[in-house]
Amino acid sequence: MRSQLVLRLALWLSLGSWVGSWAFFAFVVSRIAFRVLPGDVAGDLAGSLLTTLHYWGAAAGLIAAGAAIGLGRRGMPVIAPVGLALICMVSELWLSPEVAAVRPSTLGVQSSAEMQQRFGMLHRLSLGLFMAVHFVSIILVFVHARFDAREAASHTES
């Protein structure tokens, strides 16, 4: 019984903090930063925050998958967070450095139209992956809530 409590606590804390921190970044921090700060400063801030979000996303995904396994869940509740953790790490270790290297503010006068086009493509890819990870992590909340509701219903019937 105690182990079930610890597993559920780990699951819900990891999912809640993951979804919440990514939503706060997307809908509050980045909007304000790019509105009130110069573009290069806002970009540096966003890049630094994304590093933390990517590492936490990877950790939260692995914690959620481990807790799901411990709770006897299989399939999407385990595979999806592991996949999302991998996407977070690929984003952090490969995509983010690529974006930073070709940012117009990084290149300054050496920034060519080709580099700006590459930056735009990489930035769209980064944004797309961020939103996909966020969307699927929200779906995981609903999937686990459904599992918990079913398990609670089966306990009350017993």
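This is a predicted model: local features need pLDDT of at least 70, side-chain atom pairs count only at pLDDT 80 or more; totals for chains, interfaces and linings use all residues.
Me: Which residues is S91 in contact with, leaving aside its neighbours within four places in sequence?

Reply: They are H54, S96, P97 and L129, where contact means heavy atoms within 4.5 Å.

Me: Why are α2 and α3 called roughly antiparallel?

Reply: Helix α2 (residues 39-70) and helix α3 (residues 76-102) pack at an angle of about 160 degrees, with their axes 8 Å apart. Axes are lines fitted to C-alpha atoms over the stretch in contact, and angles run from 0 to 180 degrees between N-to-C directions. Angles over 145 degrees count as roughly antiparallel, under 35 as roughly parallel, 65 to 115 as roughly perpendicular and the rest as oblique, and α2 and α3 are therefore roughly antiparallel to each other. Among the residues that make the contact are H54 of α2 and S91 of α3.

Me: What makes the pair of W22 and F130 stacked?

Reply: The structure holds 2 aromatic pairs. In the pair of W22 and F130, the ring centres are 4.4 Å apart and the planes lie at 10 degrees. Rings of Phe, Tyr and Trp (its six-membered ring) pair if their centres lie within 6.5 Å, and planes under 30 degrees apart count as stacked, over 60 as edge-to-face and the rest as tilted, so the pair is stacked. Both W22 and F130 are buried, and together with F25 they form one aromatic cluster.

Me: Why does the pair of W22 and F130 tie together parts that are apart in sequence?

Reply: W22 lies in helix α1 (residues 2-36) and F130 in helix α5 (residues 113-157), so the parts tied together are 108 residues apart in sequence. The axes of α1 and α5 come within 10 Å and cross at roughly 150 degrees, and W22 in α1 and F130 in α5 are among the residues that meet there.

Terms used: Residues are numbered from 1 along each chain as its sequence is written. Side-chain values use heavy atoms; hydrogens and water are left out. Helices (H or I, at least four residues) and strands (E, at least two) are DSSP runs, numbered from the N terminus. Buried means under 20% relative accessible area, exposed over 50%, partly exposed in between (1.4 Å probe, protein chains only).
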